[in-house]
Amino acid sequence: SRPARGSSGKMAAPMSRGSRVPEPGAAPYGNFPNYSRFHPPEGRVSLLPQGLLRSLFPGATRPLLGLDVGCNSGELSVALYQHLVGLQDSNSSAELPAAGKELKLLCCDIDPELIRRAQQSSPFPASISFASLDIMDSGAREPFLSSYLQRFGRSRFDIAFCMSVTMWIHLNHGDRGLLELLALLASLCRFLLLEPQPWRCYRAAARRLRRLGRRDFEHFRSLRIRGDMAQSITRILSQQCAMELVCCFGSTAWDRSLLLFRSTRAAPEEQH
């Protein structure tokens, strides 16, 4: 089952009968309308060291390009951006320090309504772009990402973020979908910061759907990649995707690791 896309409205979380309030947990692609309320961005950002971009890209002379896959309504994307360019103490976008020019962040999500909210509330529209995109739809993804990279004369992003997204791809697209996503992310970036959901979250997501009287995730019972998901994803990226684990930045309060991977492939413009 391919997720619905575009402006059909099918991607928005279903509403309770006679109500405009989304049913809690009724978001089969993880497109929760108030996600940042129950998983605040600070929980992740506080685990990342100061000066991370400088240490990963010493002597960078051009803007760094970032890709955030599954950005929801953008709160975490903005918090990551602020932290990475040293703006985490600034609440004002009127005066962007020079460091703000160091990172251009492209953020995408399958839910056009969440993207609309992100665009409306973005404090850094010159540096952070939001777009509605089903990352698993190659027909839409490839021209969109290629044209963005070509604007900067690049063949891949410097860093990509995939925060609590892998489970939703896995549940909706099966083992093959997870492998496809990981191979795609590895091909798209030099560094990848990934937060995989643990297996107990899969069971909880399936339970929520059943409680709402909805059909189970099509692939849930047939998944063969299961158990320690951080370990499985690390193994897949290392053995099949030409990436290596650089660092694990501890665990969030809800027991999810932030894993940083580096590509072992050199892109053409980096071979000099």
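In the predicted model, helix α7 passes helix α8 in a right-handed crossing. Helix α7 spans residues 166–188 and helix α8 spans residues 199–211; the two pack at an angle of about 60°, and their axes lie 11 Å apart. Angles of 35 to 65 degrees fall between the roughly parallel and the roughly perpendicular ranges, and α7 and α8 are therefore oblique to each other. On the side of α7, the contact is formed by T166, M167, W168, H170 and L171, while α8 contributes C201, Y202, A205 and R208. Sorted by class, the residues in this contact comprise 6 nonpolar, 2 polar and 1 charged.

Helix α7 also packs against helix α9, which covers residues 229–240. Here the angle is about 35° and the axes are 9 Å apart. This crossing of α7 past α9 is right-handed. The residues of α7 that make the contact are T166, H170, L178, L179, L182 and A186, and those of α9 are M229, I233, I236, L237 and Q240. The contact of α7 with α9 contains 8 nonpolar and 3 polar residues, with no charged residues.

The cysteines were also examined. A disulfide is a covalent bond between the sulfur atoms of two cysteines. The structure holds 0 disulfides. For C162, the nearest cysteine sulfur belongs to C108 and is 9.3 Å away, whereas a disulfide requires sulfur atoms within 2.5 Å; C162 is accordingly in no disulfide. C162 has a relative accessible area of 0% and is therefore buried. C201, one of the α8 residues in contact with α7, is likewise buried, because its relative accessible area is 10%, and the cut-off for burial is under 20%.

Conventions:
Residues are numbered from 1 along each chain as its sequence is written. This is a predicted model: local features need pLDDT of at least 70, side-chain atom pairs count only at pLDDT 80 or more; totals for chains, interfaces and linings use all residues. Side-chain values use heavy atoms; hydrogens and water are left out. Axes are lines fitted to C-alpha atoms, for helices over the stretch in contact, and angles run from 0 to 180 degrees between N-to-C directions. Helices (H or I, at least four residues) and strands (E, at least two) are DSSP runs, numbered from the N terminus. Angles under 35 degrees count as roughly parallel, over 145 as roughly antiparallel, 65 to 115 as roughly perpendicular and the rest as oblique. A crossing is left-handed if the near helix is turned anticlockwise from the far one by less than a right angle, and right-handed if clockwise. Contact means heavy atoms within 4.5 Å. Ala, Val, Leu, Ile, Met, Phe, Trp, Tyr, Cys and Pro count as nonpolar, Asp, Glu, Lys and Arg as charged, and the others, Gly among them, as polar. Buried means under 20% relative accessible area, exposed over 50%, partly exposed in between (1.4 Å probe, protein chains only).
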